[in-house]
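Thanks for coming. I have one structure to go through today, and I will keep to what can be computed from the atoms.

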Amino acid sequence: MTHVSVAVPCRLQINGRDYAADLPPSVTLLDLLRERLDLTGTKKGCDHGQCGACTVLVDGKRVKSCLILAVSIPDATVTTIEGIGQNGHLHPMQQAFIDADAFQCGYCTPGQIMSAIALLEEGHIHSREEIREFMSGNLCRCGAYNGIIDAIERVVARQRRDQAGEAA
């Protein structure tokens, strides 16, 4: 018996670039990014949606890319860790992770950063406990959680200072 795989049209915008191809319907967004587009910053951890290493933004919302079929999000805008810096400069969250020593092995860092960026947009930044709760879908095997929370708080404090300066 021969197995026939039907290709399905897939159109996405990934890190500001249009992507279109016919894909097997079983290709996850994670595998599309890593294996077909060579965007390897997004990590494959558990491949079951439990660790958060594969977190990316889809239409501005954080998702675990190992759980999403690429063809199931037609015309979506996808942002990966490779797409957050601008003009050769790190995103403020990336810089904060460096400044706060918020990583050890670094494997979970891209997913942590993407989730933290979404966390700011979602407005879940009122306390360390709230940050910890809303970042709980991203695991760190090295236990750098305090540094991760410190990094997020640095960005929040910088944003508040900037907003206060604009209001003055």
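Some conventions. This is a predicted model, so local features need pLDDT of at least 70 and side-chain atom pairs count only at pLDDT 80 or more, while totals for chains, interfaces and linings use all residues. Residues are numbered from 1 along each chain as its sequence is written, and side-chain values use heavy atoms, with hydrogens and water left out.

The fold, then. The chain has five helices and five strands, where helices (H or I, at least four residues) and strands (E, at least two) are DSSP runs numbered from the N terminus. Along the sequence the pattern reads β-β-α-β-β-β-α-α-α-α. The radius of gyration is 17 Å, close to the 15 Å that the globule rule gives for 168 residues, so the chain is as compact as a globular protein of that length. That radius is taken over C-alpha atoms, and the rule is 2.2 Å times the number of residues to the power 0.38. Along the principal axes, the C-alpha atoms fill a box of roughly 65 × 35 × 25 Å.

On contacts, meaning heavy atoms within 4.5 Å: of those between residues at least 6 apart in sequence, 54% join residues at least 24 apart. The accessible surface is about 9400 Å², with 49% of that area belonging to carbon and sulfur atoms. Areas come from the Shrake-Rupley method with a 1.4 Å probe, and for residues only the protein chains shown count as cover. Buried residues make up 40% of the 168. Buried means under 20% relative accessible area, exposed over 50%, and partly exposed in between (1.4 Å probe, protein chains only).

Now helix α2, residues 92-99. Which of its residues are buried? They are M93, Q94, A96 and F97. Seen down the axis of α2, the buried residues fall within an arc of 160°, so they line one face of the helix; the arc is that of the directions from the helix axis to the C-beta atoms. Their cover includes α3 (109-122) and α5 (145-167).

I98 also sits in α2, but counts as partly exposed at 45% relative accessibility. Together with L90 and F103, I98 makes a nonpolar surface patch of about 250 Å². Patches are made of residues with over 30% relative accessible area and no salt bridge; like charges are joined within 9 Å, nonpolar side chains (Val, Leu, Ile, Met, Phe, Trp, Tyr) within 5 Å. Just after α2, D101 takes a positive phi of about 50°.

Last, salt bridges, each a side-chain nitrogen of Lys or Arg within 4 Å of a carboxyl oxygen of Asp or Glu. The whole structure has six. One joins R11 and D75, at 3.8 Å from N to O. R11 lies in strand β1 (residues 8-14) and D75 in the loop between β4 (61-64) and β5 (76-79), so the pair ties together parts 64 residues apart in sequence. Both R11 and D75 are exposed.

Another joins K44 and D31 at 2.8 Å, N to O. K44 is in the loop between α1 (29-36) and β3 (55-58), and D31 is in helix α1, 13 residues apart. D31 is buried at 18%, whereas K44 is partly exposed at 28%. D31, K44 and D47 are linked in a network of salt bridges.

That is the end of the tour; questions are welcome.
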